[in-house]
Amino acid sequence: MKQNTLLVPTDFSLTAYNALDFAIALAKKSGAAIILLHAYTTWDSSFISKTSREEENNKRVGDGLIGLYKSLEYIREKDQGIVVQPLLLKGPVSDLIKEVAKAENCDYVIMGTNGASGLEAAIIGSNTNSIIQDVHCPVFAIPGPVKIGEIKDIICTTDFHSSEIRAIKNLVNLFGPFSVTVTFYNVNPDKLEQNEMLFKFQKNLGSLLEEIPCHFNLSNDRDVLESVENMLYTCKSDLLVTLGRKRAFFERLFVKSKAKSLSLNCPIPFLAYPSES
């Protein structure tokens with residue numbers, strides 16, 4: 001079985017360490033390796049002397065190296081056996097995440113998100129949404145600075161479509177060692193259509209239903225995002241998974257309204273699989 005590779009971007013903040021804790025817990029159970037990425041930008045202002053610019057840029061590189069060393073020591077304190085590759089790269093963090101994820105054939109990106117407001121929310125929300133939408137692999141978004149417990153109950157939003165089966169197999173393989181229960185959540189105002197699709201979906205799942213405890217939760221609400229948010233606050237769950245078959249569905253949850261985007265407002269970690277056009 002291929003060893004999973006987890007790409008963990010970090011700015012050494014509490015939120016980033018919270019995401020790193022999640023990655024460490026996942027690596028311990030699954031035997032995954034971690035790529036720890038810190039991105040920095042250079043100071044190129046023409047209003048500052050060349051010497052001052054060089055000093056500032058050298059400081060940024062030095063701070064990055066020190067931060068990566070401390071993060072490596074933090075991982076070793078948690079588990080000596082986890083394979084870690086530190087990367088210090090220059091450039092915009094969102095671009096570098098996409099480039100490294102592709103170049104290193106990463107299986108997952110694990111990144112921290114802040115509960116922000118105003119301009120900060122727009123920036124964070126845009127970066128998170130862009131990464132989820134454009135990166136080739138699934139992305140974990142970990143809310144900070146709330147500490148994350150053990151993953152036992154997973155809610156998985158679904159369109160009941162056959163194209164989601166591969167992602168579900170991936171999910172079962174990743175979380176098999178965690179002894180989790182998965183609840184599939186579907187929102188469809190047409191109850192008759194919903195029941196017909198559920199029947200076909202269960203047939204497509206086949207033996208997967210025997211590999212991991214599964215339940216089905218159906219909603220006939222018209223507002224998908226509102227329904228998902230209400231469900232999250234009323235149901236006990238440790239992780240939200242979005243299978244992202246349709247780009248339109250992805251945009252309803254993450255892009256259309258920054259103020260209501262799940263990338264900022266989700267109270268638990270979520271795992272977003274790549275969306276399709």
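Mentor: Let's start with a charge and a ring: the charged end of K29 sits over the ring of F178, 5.5 Å from its centre. Such a charge counts when NZ of Lys or CZ of Arg is within 6 Å of the ring centre and within 35 degrees of the ring normal. Keep in mind that this is a predicted model, where local features need pLDDT of at least 70 and side-chain atom pairs pLDDT 80 or more, while totals for chains, interfaces and linings use all residues. Side-chain values use heavy atoms, with hydrogens and water left out, and residues are numbered from 1 along each chain as its sequence is written.

Trainee: Thanks! How is a pair of aromatic rings described?

Mentor: By the distance of the centres and the angle of the planes. Rings of Phe, Tyr and Trp (its six-membered ring) pair if their centres lie within 6.5 Å; planes under 30 degrees apart are stacked, over 60 edge-to-face, and the rest tilted. The count here comes to ten aromatic pairs.

Trainee: Why is the pair of F22 and F140 tilted?

Mentor: Their ring centres are 5.1 Å apart and the planes are at 55°, so the pair is tilted. This pair links distant parts of the chain, 118 residues apart: F22 is in helix α1 (residues 14-30) and F140 in strand β5 (residues 139-144). Helices (H or I, at least four residues) and strands (E, at least two) are DSSP runs, numbered from the N terminus.

Trainee: Is F22 buried or exposed?

Mentor: F22 is buried, with a relative accessible area of 6%, and F140 is buried too, at 0%. Buried means under 20% relative accessible area, exposed over 50%, and partly exposed in between (1.4 Å probe, protein chains only). F140 also forms a tilted pair with Y108, 5.7 Å centre to centre and 45° between the planes. Ring pairs link F22, Y108, F140, F175 and F178 into a cluster.

Trainee: How are two packed helices described?

Mentor: By the angle between their axes and the distance between the axes. Axes are lines fitted to C-alpha atoms, for helices over the stretch in contact, and angles run from 0 to 180 degrees between N-to-C directions. In this model, α1 and helix α2 (residues 50-78) pack at about 40°, with axes 11 Å apart. That makes α1 oblique to α2; angles under 35 degrees are roughly parallel, over 145 roughly antiparallel, 65 to 115 roughly perpendicular, and the rest oblique.

Trainee: How many disulfides are there?

Mentor: A disulfide is a pair of cysteine sulfur atoms within 2.5 Å, and a search of the whole structure finds zero. The sulfur of C106 is 6.2 Å from the closest cysteine sulfur, in C137, too far for a bond.
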